[in-house]
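Work through the exercises below with the model open. Try each task before reading its solution.

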Amino acid sequence: MRRAASPRLRAYATFAAVVLLAALATGRPELVAIGAPFIAFLTVGLVVSRTPDVAVHVNVPRTRLLEGEPIPVEVTIACGSDAARVDVELWFPAGVSASGGSRSTRLRLRAGERRTFELGASADRWGTYALVRGRLRAWDPLGLLALDISIEPAGVVRVYPRPERLRALVGPRRTQTLIGSRVARVRGDGVEFADIRPFVAGDRVRRVNWRATARRGSLFVNERHPERNADVILFLDTFEEVRAAGAGTLDLVVRAAASLADGYLSCRDRVGVVGFGGVLHWLEPSLGSRAQYQIADALLQSEIVFSYVWKTVSVIPTRLLPAGCLIIGLSPLLDPRSVGALLDLRARGYDLAVLECSPEPFLAPPASPTEELARRLWRLERAALRSRFQQLGVAVGQWTDDEGITTALTEVIESRRHSRQPAPA
Amino acid sequence: VLASENLRPLWISLGAAAVLLVASGVTVGSPRTVHWASFLLAAAYAARLVVDGAPLDPGAPVFGAGLLLFSELGLWSLELRRAGSQEPALLVERASWTLALAFAGMALGALALTGASANVASSVALTAAGGAAATGAIWLIAALARERSGRG
């Protein structure tokens, strides 16, 4: 900490020196008279100047938030023996903006005064942010000397993607053995009625269907579908993205993953995450609220890492892809490696659905007829790719940020009703 | 007719240039431009005094105080624009300080003019004493500034 001279001090001192010397050179005492107010200003300003005894502390009370939620930033300034005039300026990282546009404030503190005020901020995008850097500048009464104190980050704030409430989820073809909310195709103990069959030794009396028994003259029992859970793997394509104006396809991918994880976990399904890109990261399938937090934290680590390495699904540990799991690919379908991996997963017999996070809204409009033609060809290529997926029995839904994810999911659900059944895994 | 009367358009142009400078400084947010505008006004005033060769100008202290206010108000408007929020007490305190120092400076200037108008025969020794006083004043300010800034 060192006090620094303000530009005003330097300018006024130079001015006073120049006019005094000019008065001597020209023999005009009026020049002394016009320099006198500046000399008085400097002399009084420097005499009354004291080193301010100021301490600043920044606290961020909430460190886990959802996108768009206000981030309260509490700034406490304590003034010691002498009064001080302080300017507080906070610098937020990219992606966080100050509420009301004001990131600085100017205060007058009396000796021994301690003041706390709140500066609001909000995160426009999910991520991990180190909040908050800044500077406190304590001035003397006339603003000639300033003491700068740097404000170090108060902590890390995690801003999670805001999950969308989904009206429908893509149902898996097969269920697992744990109890859940999905009606299994197999028969056993459950609530949903499946069929009736003749009584065999060992059947419980409470399962006897007395109406059918009376009509047919022999004992018949009800068969039911048990409620089971499913394994769902969210396959995030992090090879490539298209970004424009602070938003991109990776944002859509992460937001979709957060919404789907939230939806499936609330149905007591096990959810796993595989981030397939320049860096491979994963989270093994698990269920419950703990898994929800783990997935949310894992999604925050999602980033595009540029890589030339040709990766295939063989790099994914097999325990991450349990037999009979539903894999939902979340991809802009831009990188051939991720497209190849999805096709490979389908070829291995996995139940696959793809939610295409469309890059179209992030592209600049074509500037010339040639670009327009190129764009049309590109769209045709993408349509052909979608068609290839559908021929392999993979439902593809297209999602743009303009419409809710439910619309795209409905497209996938409808498409799966009519698509070819996958080979049992 | 004083020589400065013939140069009236030049003085008006210099004054207008200073006003334009300060306006542009405030617009683009440059304190340096505001300082340059003050320098320009002072230079125009000094040039007019030298060209005129007239006896003592009694309005010089008022001009000096006005120049300080001109500079301070220009800088103040820049700071107000930068500061997000500001307490009203700060505005009152600063306005009081600025006005008080402008008046004190005006009184100091008037005192200097009164001393200069005393009928004392000029000599090399007197000029040397004046030079020493001017240098001493600047040295005092520099020493004060160095001492205060080094204390933090």
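A salt bridge here is a side-chain nitrogen of Lys or Arg within 4 Å of a carboxyl oxygen of Asp or Glu. The model is predicted. A search of the whole structure finds 34 salt bridges over all chains.

**Exercise 1. A pair and its network**

Task: Which residues are linked with Glu223(A) in a network of salt bridges?

Solution: 
- Step 1. Start with one pair. Glu223(A) forms a salt bridge with Arg187(A), with the closest N and O atoms 2.9 Å apart.
- Step 2. Locate both ends. Glu223(A) is in strand β15 (residues 220–225) of chain A, and Arg187(A) is in the loop between β13 and β14 (192–198). They are 36 residues apart, and the pair links distant parts of the chain.
- Step 3. Glu223(A) has a relative accessible area of 12%, so Glu223(A) is buried. Arg187(A) has 48%, so Arg187(A) is partly exposed.
- Step 4. Asp195(A), Arg197(A) and Asp203(A) are linked with Arg187(A) and Glu223(A) in the network.

**Exercise 2. A surface patch**

Task: Is Trp210(A) buried or exposed?

Solution: 
- Step 1. Trp210(A) belongs to helix α3 (residues 210–216) of chain A.
- Step 2. Apply the cut-off, which for exposed is over 50%. Trp210(A) has 55% relative accessibility, so Trp210(A) counts as exposed.
- Step 3. Phe199(A), Val205(A), Trp210(A) and Leu219(A) form a nonpolar patch on the surface. Together they have about 400 Å² of accessible area.

**Exercise 3. The nonpolar cores**

Task: Which residues have the most contacts inside the largest nonpolar core?

Solution: 
- Step 1. Take the core. The largest one has 42 residues, and Leu234(A), Leu330(A) and Leu355(A) have the most contacts inside it.
- Step 2. List contributors. Elements giving two or more residues include β17 (231–238), β20 (270–277), β22 (326–331), β23 and α8 of chain A. The largest share, 11 residues, comes from α4(A).
- Step 3. Inspect one member. Setting aside residues up to four places away in sequence, Leu355(A) touches, among others, Ala256(A), Leu330(A), Trp399(A), Ile405(A) and Val412(A).
- Step 4. Look for another core. One of 41 residues lies apart from the core above; among its members are Leu9(A), Tyr12(A), Leu20(A) and Leu49(B).

**Exercise 4. A helix length check**

Task: What span should helix α5 (residues 88–117) of chain B have at 1.5 Å a residue?

Solution: 
- Step 1. Compute. The helix has 30 residues and should span 44 Å. The expected span is 1.5 Å times one less than the number of residues.
- Step 2. Compare. The end C-alpha atoms of α5(B) are 44 Å apart, which agrees.

**Exercise 5. Chain A as a whole**

Task: How many helices and strands does chain A have?

Solution: 
- Step 1. Count elements. Chain A has eight helices and 24 strands.
- Step 2. Of its 425 residues, 51% are buried.
- Step 3. Check contact range. Among contacts in chain A between residues at least 6 apart in sequence, 74% join residues at least 24 apart.

Methods
Residues numbered from 1 in each chain as written. Chains lettered and ligands numbered in written order. Predicted model: local features only at pLDDT ≥ 70, side-chain atom pairs only at ≥ 80, totals over all residues. Heavy atoms only, no water. Helix = DSSP H or I, 4+ residues; strand = E, 2+ residues; numbered from the N terminus. Buried < 20%, exposed > 50% of the residue type's maximum accessible area, 1.4 Å probe, protein only. Patch = residues over 30% accessible without salt bridge, like charges linked within 9 Å, V, L, I, M, F, W, Y side chains within 5 Å. Areas by Shrake-Rupley, 256 points an atom, 1.4 Å probe, with all protein chains shown as cover. Core = buried A, V, L, I, M, F, W, Y, C linked by side-chain atoms within 4.5 Å. Contact = heavy atoms within 4.5 Å.
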